[in-house]
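Hello,

Here is the structure I promised to pass on to you. Have a look at it first, and then read my notes below.

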Amino acid sequence: MKAIEITEFGAPEVLKLGERPKPEPGKCEVLIKVSASGVNRPDVFQRKGAYAPPPGASDLPGLEVAGEIVDGDFDPKHNP
């Protein structure tokens with residue numbers, strides 16, 4: 001899959017288009033084909049090197065996304 005990656009810490013120019021393996025959703029997770037992604041304050045801090053993603057979280061910026069669920073185990077009535 002194509003992804004915008006933080007190649008080093010710094011200004012917006014450090015963001016580069018990269019290639020990543022397609023993620024496999026785990027239990028109670030979904031895979032989203034992203035149509036749009038928002039950039040918020042933690043994304044900017046992450047790019048600058050001032051915010052580390054929490055353990056197990058993605059290192060890719062774009063914490064807010066909109067798109068289509070294409071795979072996964074999702075039941076809106078089930079809250080693990």
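How much space lies in the largest pocket? It comes to about 1200 Å³. A pocket here is an open set of points on a 1 Å grid over the protein atoms alone, where a 1.4 Å probe fits, with protein on both sides within 12 Å along at least five of seven lines; lining residues have an atom within 4 Å of a point. Grid points are joined across faces, edges and corners, and the volume is the space filled by probe spheres set on them.

Please keep in mind that this is a predicted model: local features need pLDDT of at least 70, side-chain atom pairs count only at pLDDT 80 or more, and totals for chains, interfaces and linings use all residues. Residues are numbered from 1 along each chain as its sequence is written, and side-chain values use heavy atoms, with hydrogens and water left out.

Back to the pocket: it is lined by 38 residues, and Met1, Val34, Ser58, Leu60 and Gly62 are the closest to its centre. Strand E3 (30-38) is one of the elements that supply at least two lining residues, and E3 gives the most, with seven.

The C-alpha atoms fill a box of roughly 40 × 25 × 20 Å along the principal axes.

Enjoy exploring!

Terms used
Helix = DSSP H or I, 4+ residues; strand = E, 2+ residues; numbered from the N terminus.
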